[in-house]
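Good morning, and thank you for coming. I should like to take you through one protein model, and I ask you to keep the display in view as I speak.

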Amino acid sequence: MPIARLTKSRVDDIAASNRDTIYWDEGLPGFGLRVKTTGVKSFVVQYRNRQTGRSKRKTLGRYGPTMSLQAARDLARSLLADVIRGEDPVANAQAVRRSPDVFELAKLYMTEHAIPKKRQGSVRNDQSMLDGYILPKLGKLRVVEVSNQDIQKLHNQMRQTPYQANRTLALLSKMFELSVRWGMRSDNPARGVEKLPEEKRDRWLSDEELSRLLAALAEHPNKVAADAIRLQLLTGARIGEVLTAKWTDFDIERGVWTKPSHHTKQKRREHLPLSSASCELLRRIREARAAKSAWLFPGRSPEHPYKDLKAFWRSVTQAADLKDYRIHDNRHTHASHLVSSGLSLPIVGRLLGHTNPSTTQRYAHLADDPLRHAAEIIGNKIKERDTEL
């Protein structure tokens, strides 16, 4: 094989012969230019594995707009330095080609982590984020090839929906954390990507709006769904907890709802005291249809719970003229009316099942209402007696 000083002009001038030829660079041993009989020119690097003693050759890329001589020489230097440190670039490349892609990681994540360990609603959300955002962009990449820049780019593309973007980032971080545990790669490429700022929703119903909602529930023909919303308003529970509730979870005589750990967000059993109004609602439901199903709110089949309230909720909020009011906001309505009535934030937090006090802190400004009312009492007394006011 000829040895030559490879320069850009020399590389451009070398013509094809009647057989494939490699021209080795005299300035960087192991680096060369392969010229095929067709005239195609590619850069190669050749080295000897330090453990096995076997000679190996790796193609760096085709000469042209995508790979210049200087870029190829820099890459060759880097790979040859890896060889000196005991690595094998060819074996590494083969390992990458054999490694799982993100499609495979997603499937493993769902079967080994999400489905066995998360609530059904969370599993559905994860699958939705995978199908809608992650797999279309990253699915074909090998797990070891995904970079921090890839994650950052996907996150930036979702900046118009910051809440969804941050949930997707959290899912990616968990998937790649597991990929490290499962030996697919050595680091988590999602680490260090900053969350987008989110504006927390502070939407709850005034007394007048609450009256309109209750009136719409009373008039709606779907009594099962209407009762589910009533129980949510009375207890502040998550709608998923309401729809998956069974009669065995309730002790109506004692006024206690025991939520199983696999139905709660915090994955722990919760004992929620029930108001007399909640117990009255439960007795009415029990008298009307308890014998038909083990579920408090059965679906079309009594063997399964009610699953989807989207169409029902849309019709109810339209009838009540409640714009931009989600079914989850019923929890905010429950909490805000308790706090503004004088209950402490820790008590309200416990009723809502919050483990972090900061979660309940969003209602802190409402706690001023009963204090302001108390301050007005003495203020009015002074005002009545002070002619300067």
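Is Arg 212 buried, partly exposed or exposed? Arg 212 is partly exposed, because its relative accessible area is 25%, where buried means under 20% relative accessible area, exposed over 50%, and partly exposed in between, with a 1.4 Å probe and protein chains only.

Residues are numbered from 1 along each chain as its sequence is written, and side-chain values use heavy atoms, with hydrogens and water left out.

The term pLDDT is the predictor's confidence in each residue, from 0 to 100. The protein averages 85, and 84% of the residues score at least 70. Confidence is highest in helix 6 (residues 148-157), at a mean of 96, and lowest in helix 15 (residues 357-360), at 59. Helices (H or I, at least four residues) and strands (E, at least two) are DSSP runs, numbered from the N terminus. Where pLDDT is low, the predicted coordinates should not be read in detail.

Let us return to Arg 212. It forms a salt bridge with Glu 208, with the closest N and O atoms 2.5 Å apart; a salt bridge is a side-chain nitrogen of Lys or Arg within 4 Å of a carboxyl oxygen of Asp or Glu. Both residues lie in helix 8, four residues apart, about one turn of the helix. Glu 208 is also partly exposed, at 46%.

Another pair is Arg 203 and Glu 209, whose closest N and O atoms are 3.3 Å apart. Here Arg 203 counts as buried, because its relative accessibility is 18%, and Glu 209 is buried at 16%. The whole structure holds 18 salt bridges.

What of a charged residue without such a partner? Lys 41, in strand 4 (residues 41-48), is buried yet has no salt bridge, and Asp 12, the nearest side chain of opposite charge, is 5.5 Å away. Lys and Arg count as positive and Asp and Glu as negative, with His and the chain ends not counted. A polar atom of the Lys 41 side chain does, however, lie 2.6 Å from the backbone oxygen of Val 11.

Thank you for your attention.

Note on methods: This is a predicted model: local features need pLDDT of at least 70, side-chain atom pairs count only at pLDDT 80 or more; totals for chains, interfaces and linings use all residues. A polar contact is a pair of N or O atoms within 3.5 Å; within protein, one must be able to donate a hydrogen and the other to accept it, and residues adjacent in sequence count only if both atoms are side-chain atoms.
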